[in-house]
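This report covers selected side-chain and backbone features of the structure shown below.

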Amino acid sequence: MNLHLKSIKELRSLLDGGDITAQELTQYYLDRIEKLDPAIHAYITVNEKAMEQAERAQKMIEEGCAKPLTGIVLGIKDNICTKGLRTTCASHMLEDFVPTYNSTVAEKLAEDGAIFIGKLNMDEFAMGASTTTSYFGNTCNPYDTDCVPGGSSGGSAAAVAAGLCVASLGSDTGGSIRQPAAFCGVTGLKPTYGRVSRSGLVAFASSLDQIGPIGKSARDCAVLLDAISGEDPMDMTSRPSEPVAEMMGAPVEGTVIGVPKEFFGEGLNEEIKAAVENAIKEFEAMGCVIKEVSMPSLKYAIPAYYLIGSAEASSNLARYDGVRYGHLSKEGNSFDERLIATRNEGFGSEVKRRILLGSYALSSGYFDAYYKKANLLRRRIRQEYEEIFKTCDCILTPTTPEAAFKFGTKSEDPTEMYLADIYTVTVNIAGLPAVSTPCGYTKEGLPIGMSIVGKAFADGQILNLADAFEKKFNYILNDFCL
Amino acid sequence: MKDLALIDHLASLSRLSFEGEEKERMAKDMESIMKLMDTITEVDISEEDYPLTAEGGMELLREDEVQPSMPVEDALANAKGKLYHFIAVQKLMD
């Protein structure tokens, strides 16, 4: 039985019906990881206690207390704290950090009886778009192992795509769920800012970060989103929200979809453009109304995002001093010398670049020109979204300007990678929900993703639209899933 | 032109340090990054158009009540230097 191709709903039925046990499902995935992960390297840590969790889940099932995710095998991005399970952020700085508490999302999932099969690779401190800045090495794309899986949640997307977990959690600060989901041919949701608690997520840019699900389908993402959503006293930016899984299957006829012209201009790969345009036609055939709209400030979104994100990162990462946790250098004759040596040794180059940029944007003499201006642009971009949403229910765009690229084909100039975030960062800047789902394949067989952006807390509506499209989409499985 | 003095200044603010080739490379990278960031300086936008007032949220602060705190052994679990129930660090002054 190809359990790795089954949806959460199908597995729920098999588990509740006694056709399989949680232990059997867990062993199935442990075997797949042992056999296939050496070629993908999605996992940094495989959970040695997964089978103990499976036993508890099976007991819940047998006692008739199963929740939607009881016994379901999940992978967790390695910047989400899991009690007793190493959480490295893919950094030398946290190489041996074992949290003594659960993040709120991990606590919720553990209470529901979900099984954490392991911790997934990522760009160091979630800073990157290719999972090549990880201290633990690269993750490969299951559709072509010579290609990157995207990032920063590259391990989370690759593990789902290769059938190495049922679904996974990622985090998205500027596209880090949606871009790897697009590169690996799976579905990934960046929820509305505030829908999911950030407590226990290792902070990168606190006003932009959000934890979200990656799954084989929008329906799987909806189930996982419901399990992790909710107001949390540990995160003052969290808000209550309505469940979304029950919205799946609602009619989409009459939905007004805005298509911003700026997202289809220079720099967009022709195959991706054609695939997204075909998807637009598909929605039109379903009875949706397509409307051209405009977002003039898109061209400034990348600098605004990198200035805000890096400024927050430089502040958030100031806590890594080697004292309470994390790497501690053996060099240095004074406290300050050892602190600097600790940070020099613990952080990789991309993290250091972002810290320097953030320090620059916040420093005396440059604050108004960069950080303040970036925040004014943030207001303008939000306003442009509000204008579009006066006449549209949602917005459809490509997720990325190009499909997954081969390792080593980007230049050494870091801005080349930054510019590839162009279609995803505005959503984080505005705090909106967006889902990426596959809408085609290149002639080389690499997946193409499109994004549906919704109004704040309309996560259910955009997942339902993605679900409607997925029902008509012809998926191509990669070799690891066949 | 690469600004090595700027790298030293930013490194000092960031509790980092760069020497030799790494400093040269970082200066080159930062030059390229700042060229990209400089594009926002051309935008005509002011606080009058978009006032940077605090957004809602203060009412969401939780009650200031004593809550259970992390046990000392948990707080010390990941510290490299420990002495009794304290974290030990290098001495800060002679």
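## A buried ion pair in chain A

A:D172 counts as buried, because its relative accessibility is 0%. The model is a predicted one. A:D172 is joined by a salt bridge to A:R178, and the closest N and O atoms of the two are 2.9 Å apart. A:R178 is buried too, with a relative accessible area of 1%. With the cut-off for buried set at under 20% relative accessible area, A:R178 at 1% falls within that class, and so does A:D172 at 0%.

Side chains of opposite charge can pair when their charged atoms come close. Over all chains, the structure holds 22 salt bridges.

A second salt bridge is formed by A:R353 and A:E350, with 2.8 Å between the closest N and O atoms. The two residues are three apart in helix 11 of chain A (residues 349-362), so about one helical turn separates them. Both A:R353 and A:E350 are buried. These two residues also belong to a network of salt bridges that includes A:R354 and B:D29.

Another salt bridge is made by the side chains of A:K352 and B:E22, at 3.3 Å from N to O. A:K352 lies in helix 11 of chain A and B:E22 in helix 2 of chain B (residues 20-37), so this pair joins two chains.

## The nonpolar core

The largest nonpolar core has 178 residues. Among the residues with the most contacts inside this core are A:L109, A:F125, A:F283, A:Y385 and A:L463. For A:F283, leaving aside neighbours within four places in sequence, the contacts are A:I257, A:C288, A:I290, A:L396, A:M450, A:I452, A:L465 and A:F469.

A:F125 is located in the loop between strand 3 and helix 5 of chain A. This residue is buried, with a relative accessible area of 2%. Its phi is near 55 degrees, a positive value in a residue other than glycine.

## Other features of the loop between strand 3 and helix 5

A:N141 is also found in the loop between strand 3 and helix 5 of chain A. At 0% relative accessibility, A:N141 counts as buried. The side chain of A:N141 reaches the backbone nitrogen of A:Y143 at 2.9 Å. Apart from neighbours within four places in sequence, A:N141 is in contact with A:C147, A:V148, A:P149, A:F183, A:C184 and A:A404. A:N141 and A:I115 are 26 residues apart along the chain, and 24 Å separates their C-alpha atoms.

A:S152 lies in the loop between strand 3 (115-120) and helix 5 (154-161) of chain A. The peptide bond leading from A:G151 to A:S152 is cis, and its omega is near 10 degrees.

## A positive phi in chain B

B:Y84 has a phi near 55 degrees, which is a positive value in a residue other than glycine. Its place is in the loop between strand 1 (82-83) and strand 2 (86-87) of chain B. Is B:Y84 buried or exposed? B:Y84 is exposed, because its relative accessible area is 75%, and the cut-off for exposed is over 50%. By contrast, A:F125 is buried at 2%.

Methods
Residues are numbered from 1 along each chain as its sequence is written. Chains are lettered from A and ligands numbered from 1 in the order in which they are written. This is a predicted model: local features need pLDDT of at least 70, side-chain atom pairs count only at pLDDT 80 or more; totals for chains, interfaces and linings use all residues. Side-chain values use heavy atoms; hydrogens and water are left out. A nonpolar core is a set of buried Ala, Val, Leu, Ile, Met, Phe, Trp, Tyr and Cys residues joined through side-chain atoms within 4.5 Å. Buried means under 20% relative accessible area, exposed over 50%, partly exposed in between (1.4 Å probe, protein chains only). Contact means heavy atoms within 4.5 Å. Helices (H or I, at least four residues) and strands (E, at least two) are DSSP runs, numbered from the N terminus. A salt bridge is a side-chain nitrogen of Lys or Arg within 4 Å of a carboxyl oxygen of Asp or Glu. A polar contact is a pair of N or O atoms within 3.5 Å; within protein, one must be able to donate a hydrogen and the other to accept it, and residues adjacent in sequence count only if both atoms are side-chain atoms.
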